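I would ask you to look first at the sequence and the structure, after which I shall go through some of the details.

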Amino acid sequence: MVGGDVVKLLQTTSLVRRLPMSHAHFPYWQDQLSLTIAGHYGETMVQKFLQEVSVSYALLQNFYTLGSANASHEMDCIFICPHFVLVLEVKNITGTIDIDMNTGQLIRTKSNGTVERFVNPVLQVNRHLKFLNTVLRNVPVVKGIVFSNKQAYLRNIPKNEPIFHLQRLVSFIEELVERYKNHQLNVAKIYQQLDSLRI
C-alpha cells in the first residue's frame with residue numbers, strides 16, 4: 001500500500017478507534033475500515049502472484065487521477081509491460097457474486113443470506129480503459145477484473161468480460177503477452193507518463 005492509500009488507512013483506523021461505538025456513524029466508518037483493509041490485502045495478493053509472470057513489468061497501484069470534466073479515476077493496479085498495458089480492478093470479497101449489466105450492480109449474497117449491492121466492476125474498469133486509451137495513444141490497453149478471495153463464487157457474470165479468480169491472473173497475462181508480442185513499448189516512458197498524472 002503506498003501514497004494516499006496509507007493515509008486513508010491510518011486516518012480511518014484512527015477515526016474508528018476514537019469514535020464511540022454508540023455514535024450514529026460508527027457502523028459506517030467501521031465498514032469503511034473493513035473495505036480499506038480488504039482492498040489492501042487483495043492488492044497485496046495480486047502483487048505476489050505477479051512475481052510469477054515471465055515478462056518484465058512496472059506496476060502502478062492505487063492510481064488516482066482526474067480525467068475530462070474533472071471525472072475521477074481510481075485504479076487498483078496498472079500493469080505495464082513491453083507489449084501492453086493492463087488495468088486491473090481488484091475485488092477482495094467473499095460470497096456468491098452476480099454481476100447485472102442491466103442494473104449496473106454487483107450483487108453479493110453472503111453465506112447467511114444477506115444481500116449487498118456494489119458498483120458494477122465492469123462499468124468501473126471500462127471507464128478507466130476509455131481514459132487510458134485517450135492518454136496512451138497507439139498503446140494496446142486491456143482490462144481485467146480479479147477476485148482475489150478464493151471464497152468468492154462467481155455465479156452469474158458476463159461471459160464476454162475478463163472476470164476471474166486471482167489464480168487465473170498469471171495465465172491471463174501470459175496469453176496477453178502472446179497476443180501482443182509484436183508490440184514493443186517503452187515501459188519506463190509509459191510509467192513516467194502515467195505517474196505524472198497522479199493526484
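Let me begin at the start of helix α5, where a side-chain oxygen of N186 comes to within 3.3 Å of the backbone nitrogen of A188. This is a polar contact, that is, a pair of N or O atoms within 3.5 Å; within protein, one must be able to donate a hydrogen and the other to accept it, and residues adjacent in sequence count only if both atoms are side-chain atoms. Helices (H or I, at least four residues) and strands (E, at least two) are DSSP runs, numbered from the N terminus.

A word on the source: this is a predicted model, in which local features need pLDDT of at least 70 and side-chain atom pairs count only at pLDDT 80 or more, while totals for chains, interfaces and linings use all residues. Residues are numbered from 1 along each chain as its sequence is written, and side-chain values use heavy atoms, with hydrogens and water left out.

Which residues of α5 are buried? In this helix, residues 187-195, they are V187, I190 and L194; buried means under 20% relative accessible area, exposed over 50%, and partly exposed in between, with a 1.4 Å probe and protein chains only. Seen down the axis of α5, these buried residues fall within an arc of 70°, so they line one face of the helix; the arc is that of the directions from the helix axis to the C-beta atoms. On the other side of α5, K189 and Q192 are exposed. The cover over the buried residues of α5 includes β1 (58-66), β2 (72-80), β3 (85-91) and α3 (121-135), where contact means heavy atoms within 4.5 Å.

I turn now to α3. Its N-terminal end is capped by N120, with a side-chain oxygen 2.8 Å from the backbone nitrogen of V122. Among the buried residues of α3 are P121, V125, L129 and L132. The 15 residues of α3 should span 21 Å at 1.5 Å a residue, and its end C-alpha atoms are 21 Å apart, which agrees; the expected span is 1.5 Å times one less than the number of residues.

Finally, the chain as a whole. Its secondary structure comes to five helices and nine strands. Of its 199 residues, 47% count as buried. Among contacts with a separation of 6 or more, 57% are between residues 24 or more positions apart.
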